[in-house]
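Reader: I am new to protein structures. Could you show me how to look at one, feature by feature?

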Amino acid sequence: MGLEEEIDAIEEEIASTPYNKSTEAHIGRLKAKLSEKKEKLENQSSAGGGQGYAVEKTGDATIALVGFPSVGKSTLINALTNAESETGAYEFTTLDVNPGMLQYRGANIQVLDVPGLIEGAAGGRGGGREVLSVVRTADLVVFVLSVFEVDQYERLSQELYYNKIRLDTEPPSLTISKQIKGGINVTKSDSVELDEQTIKDVLREYGYVNAEVTVRGDPSIDELIDGIMDNRVYLPSIVSVNKADLIDRDYLPTVYENLEEIGLDPEEVTFISAEKEKGLDGLKDEIWEALGLIRVYMDKPGRGTDYEEPLVIRRGMTVGDACRKLGANLEDRFKFARVSGPSAKHDEQQVGKDHELADEDVLRIVARK
């Protein structure tokens, strides 16, 4: 029996086995085997080589436009950035990865227009594996759907999942420390519903014999396997619905119903017309928020505060992080900083490197020469 037949057989057994506490450990072992064989098949398929896409990341953040062919991704990147991606009303207009730079609120956000995905992309169909490898490097996935086919979202999400991209979720809290002897010892928090035996059985499928394992949260079997495999990418995502200018107002409730059927809140997606350049300001706002970017205006000695070219960092970052991004050994030479703005208790508050900055703070760093 070949690998593909083995995978089909395991998938059939999982589908035909009812999930309950008595079958949990068995299903866990099956899913671990399935994941391992899929990984093996993927490695075999990619061993033959093939043309890939290599895009150097630049700017403050990178986003990937993901959609099926002819949903208007090329038109959208042209409207958002300085790119000149070829557009056309036919499939596969984009055959390569086209980068562009969106300049917004002082940030340089790299936008990647990747070739349209097709079903089976994660399995390599239509060069999909190479396309998805580019998506894995992004900081944010922006789904681009046609207003007439919003159900594409489910198939696109599935292709990303098969390519080990996990959207809008956190990695499982799992630590594994290999030991020389003693078997597998599991420590889990009260919130974990998986049986200890299931966790041990899954680990054994991956070759663990002696290990100290700690599990927190409430991971499913699939999430536990994700944590063990340690090659998953976790990314945030947002959804845009393009060609909104082409529908009658009477059709809008139908679009809302279709979105709700696939688990999307119509109020949380962004309706746009890339062709007419409508709704793009709202989309830029959504991108900004999803990336968690903030602006910090630097107060430069002798030159005053630079409001034109802010330092762009991620929400939650500190003065120390700002020093590292600015370079010039500022972190090592740091004496103290003065901060005015939303994160400060008062103007020019003296702070250390662990002070968390907020959007539109003014920062002056005092450093040794």
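Predicted model: local features only at pLDDT ≥ 70, side-chain atom pairs only at ≥ 80, totals over all residues.

Reader: Is glutamine 103 buried or exposed?

Author: A residue counts as exposed when its relative accessible area is over 50%. Glutamine 103 has 64%, so it is exposed.

Reader: Which side chain does glutamine 103 join in a polar contact?

Author: That of asparagine 108, at 3.3 Å. Also look at glycine 59: 44 residues separate it from glutamine 103 in sequence, yet their C-alpha atoms are 9.5 Å apart in space.

Reader: What is the order of the strands in the open sheet?

Author: Six strands make up this sheet, in the order E2-E3-E1-E4-E10-E11, and the pairing is mixed. E2 and E11 (270-271) are the edge strands, each pairing on one side only. E11 runs parallel to E10 (residues 237-242), and two bridges join them. There, serine 240 stands opposite threonine 270 of E11.

Reader: And how should I read two helices that pack together?

Author: Two packed helices are described by the angle and the distance between their axes. Here, the axes of H3 (residues 73-80) and H9 (residues 280-291) come within 11 Å and cross at roughly 85 degrees. Angles of 65 to 115 degrees count as roughly perpendicular, and H3 and H9 are therefore roughly perpendicular to each other.

Reader: Which residues meet between H3 and H9?

Author: Leu76, Ala79 and Leu80 of H3 meet Leu280, Leu283 and Lys284 of H9. Five of these contact residues are nonpolar, none is polar and one is charged.

Note on methods. Residues numbered from 1 in each chain as written. Heavy atoms only, no water. Axes fitted to C-alpha atoms, helices over the stretch in contact; angles between N-to-C directions. Helix = DSSP H or I, 4+ residues; strand = E, 2+ residues; numbered from the N terminus. Parallel < 35°, antiparallel > 145°, perpendicular 65-115°, else oblique. Contact = heavy atoms within 4.5 Å. Nonpolar A, V, L, I, M, F, W, Y, C, P; charged D, E, K, R; others polar. Buried < 20%, exposed > 50% of the residue type's maximum accessible area, 1.4 Å probe, protein only. Polar contact = N/O pair within 3.5 Å; in protein donor to acceptor, adjacent residues only side chain to side chain. Pairing = 2+ DSSP bridges.
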